Amino acid sequence: MASLQLQLSSGYQSSSCRYLPISLSYPSIRGANDRQLLFNRIAPVYDNLNDMLSLGQHRIWKRMAVSWTGAKLGDCVLDLCCGSGDLAFLLSEKVGSNGKVSGLDFSREQLLMASSRQHLLSKACYKNIEWIEGDATDLPFPDRHFNAITIGYGLRNVVDKRKAMQEMFRVLKPGSKASVLDFNKSTQPFVASFQAGVVFTANQYLMKSTFLNVSCCKEWMIDNFVVPVANGYGLAKEYEYLKGSIREYLTGNELEELALDAGFSTAKYYEISGGLMGNLVATR
Ligand SMILES: C/C(=C\Cc1cc(O)c2ccccc2c1O)CCC[C@H](C)CCC[C@H](C)CCCC(C)C
Ligand SMILES: C[S@@+](CC[C@H](N)C(=O)[O-])C[C@H]1O[C@@H](n2cnc3c(N)ncnc32)[C@H](O)[C@@H]1O
């Protein structure tokens, strides 16, 4: 049975990229170490809250992200910012027992949850997964090593997004894909303003109401459902951070630009679930 291999990377990169958020709604959770502590704290309830808060939909979104990688039997693949391992388990089924999956995260508590799930789940192929404690901005892998990479709800939580994208490029084999799943940040001016917290008059709402789409509902759902439920678990601060991180995230166009800047030959962003979520597919 695969064991938990905690390999420490050479440490965190100080973030100086131009994508550094100007301000997060929770300034106390700004640096990489703050976020590491946050994900260690929520590890025990992370999976259950995600299932409850998304009514299980997040598992569909993750399946789509894995499908977009083109991962196949026998491949060597990476689930970056793997957390409790949802996408790593899906990749494991794609590549089979002769393939290999590396799940990397800098939260030891998340990796321990992933490892315990691996022991509880019965599928034989899951023996092909190794869990590695490391940093997405300083990957402990050689150049041109992987046939595919997933990063589900990870890039938004990485402080130095540019460095993480460069590392994904470096460790991918030529012609291989990175699939980046996360919340969608709307580019529609009204919705984008709404997401930025701009106050509108009733008339503006009525005039613009046709532009309201699920992105506005996302803010409402987070404020009126997600955060209150998390509060019940004593995690209001952590889920307030979630809201701020979505607000500070990159648009689809910015994600495509980030991938092309890192050297990817093609980058295509797809909105899914009516614009609630989005997935970048970048080919090296
Ligand atoms: C896995 C998902 C989001 C990543 C994520 C999840 C967390 O629990 C966090 C906690 C603290 C900080 C960051 C994160 C984080 O980045 C997606 C599923 C979980 C979401 C919390 C659920 C969001 C629900 C939608 C706003 C509305 C869904 C409408 C309908 C039920 C589909
Ligand atoms: C919202 S969770 C996503 C987990 C999983 N991919 C999923 O889809 O549920 C974000 C994960 O990114 C990890 N993370 C954030 N910044 C990181 C970094 N610089 N290096 C490695 N992991 C990081 C966190 O520890 C956390 O487990």
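User: Which element gives the largest share of the shell around ligand 2?
Analyst: That's α1, with 4 residues. This is a predicted model, where local features need pLDDT of at least 70, side-chain atom pairs count only at pLDDT 80 or more, and totals for chains, interfaces and linings use all residues. Residues are numbered from 1 along each chain as its sequence is written, while chains are lettered from A and ligands numbered from 1 in the order in which they are written. Helices are DSSP runs of H or I with at least four residues, strands are E runs of at least two, and both are numbered from the N terminus.

User: How many residues surround ligand 2, and which are closest?
Analyst: 22 of them, the closest being Phe 39, Cys 81, Gly 83, Ser 107 and Gly 152. A residue is near if its C-beta atom, placed from the backbone, lies within 6 Å of the molecule. The elements giving two or more residues are α1 (32-53) and α3 (86-95).

User: And ligand 1, who comes nearest there?
Analyst: Leu 53, Ser 54, His 58, Tyr 153 and Leu 242, out of 19 residues around ligand 1. The largest share of that shell, 5 residues, is from α1. At least two residues each come from α1, α2 (57-67), α8 (214-232) and α9 (236-248).

User: Switching topic: what is Leu 80 in contact with?
Analyst: Skipping neighbours within four places in sequence, Leu 80 is in contact (C-beta atoms, placed from the backbone, within 7 Å) with residues including Leu 104, Ala 136, Ile 149 and Met 168.

Definitions and conventions:
Two residues are in contact if their C-beta atoms, placed from the backbone, lie within 7 Å.
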